[in-house]
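Colleague: Please take a close look at the aromatic rings in this model. I would like the pair geometry and the surroundings.

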Amino acid sequence: MRAMTHVPTSTAPSPEELPALPHGNTARRLTWEVLPPLLRHTIEGRLGSRVVSAKSAGTGFTPGFASVITCADGSLHFVKAASVKAQRPFAESYREEVRKLRSLPPGLPVPRLLWSHEDDLWVAHELEYVDGANPARPWRRPELDTCLDTLEVLAERLTPPPLTLDTFAHDFADCLSGWDHMRRVFPDLPYLEEAAALAAHFEEATAGDTLVHTDGRDDNFLIVDGRALLCDWNWPVVGAAWIDTVVLLIGAHGDGHDADAILAERALTRDVGPEDIDAFLALIAGYFFERRDEPVPTSSPYLRAHQAWYAAATWSWLTKRRGWS
């Protein structure tokens, strides 16, 4: 499929006004056949059996190899791999995922790391195979609650963090540039300056001593046996325990759920000051506004459409909470 033409967006549509994404089929990934023979041999050695088929994960927006592998002995495996030279950012993210997973305590609702391999050309690792599925979109309330339950378990177990990490404020400070971008491309956006002023308070709003995932979208959860496992531990940070819950509820709000009612119900968010959540939403809205207007990468044709939808969902929720018409 050809990548979509890049056209900067100077409006703030609602989520329902944007084209629907093909959930479960957004990734363009390396396949088993294109991996170099030496790497395939290395992976098969780790798996202990010859690979007979590999089905790429259709979710996500990165081009690295990520497949459910079936071996000749009938065993199933989930393996990721990325080229150090051709896919450096993604190889680095896989390295980080390995490092983070090795430091997490056992027994979390997280697929286990089984092995990893690194050389000058490739980074690869295997995660525990889970016979589950991503939550359906639009979000259904039972699956949403299951994922929210998992976030509460993780917040309890990961406070304080089991490893040294940067703070949310440190890693997400660059997101403030989103409002400078909007001043350039859409200076007449209603409440732009109010939103920028809110976002400027994100550092104190998001301070905390919990390890937070920061990317708890539907495609990073697997539902299995009535519980949800959270995947893709590339870039966790230290921050407020409620951050992941609000991230997840951005998508739920965009799908028509009453996110504010859910905030009032959940243990991690019911006592959080509204201004703190609004500062966070303002920061994230600016980030997505800026990212949606960047050129579409050929390796991820749906990435900008995904970011445009999240920009609309975040802005819609923030304006509703603030009473901005």
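Modeller: Here is a walk through the aromatic pairs and what lies around them. Keep in mind that the model is predicted.

A pair of rings is described by the distance of the centres and the angle of the planes. The structure holds 13 aromatic pairs. One of them joins tryptophan 32 and phenylalanine 65, with 6.2 Å centre to centre and 50 degrees between the planes. Tryptophan 32 sits in the segment before helix H1 (37-47), while phenylalanine 65 belongs to strand E2 (residues 65-71). The pair therefore ties together parts that are 33 residues apart in sequence. Both tryptophan 32 and phenylalanine 65 are buried.

Next, tryptophan 309 and tyrosine 310. Their rings are 5.1 Å apart, centre to centre, with 70 degrees between the planes. This pair is edge-to-face. Tryptophan 309 is buried, and tyrosine 310 is buried too.

Phe168, Phe172, Phe202, Trp242 and Phe280 make it up.

Aspartate 149 lies in helix H3 (residues 141-157). Its relative accessibility is 39%, so aspartate 149 counts as partly exposed. The C-alpha atoms of aspartate 149 and alanine 312 are separated by 26 Å, and the two residues are 163 residues apart along the chain.

How values were computed. Residues are numbered from 1 along each chain as its sequence is written. This is a predicted model: local features need pLDDT of at least 70, side-chain atom pairs count only at pLDDT 80 or more; totals for chains, interfaces and linings use all residues. Side-chain values use heavy atoms; hydrogens and water are left out. Rings of Phe, Tyr and Trp (its six-membered ring) pair if their centres lie within 6.5 Å; planes under 30 degrees apart count as stacked, over 60 as edge-to-face and the rest as tilted. Helices (H or I, at least four residues) and strands (E, at least two) are DSSP runs, numbered from the N terminus. Buried means under 20% relative accessible area, exposed over 50%, partly exposed in between (1.4 Å probe, protein chains only).
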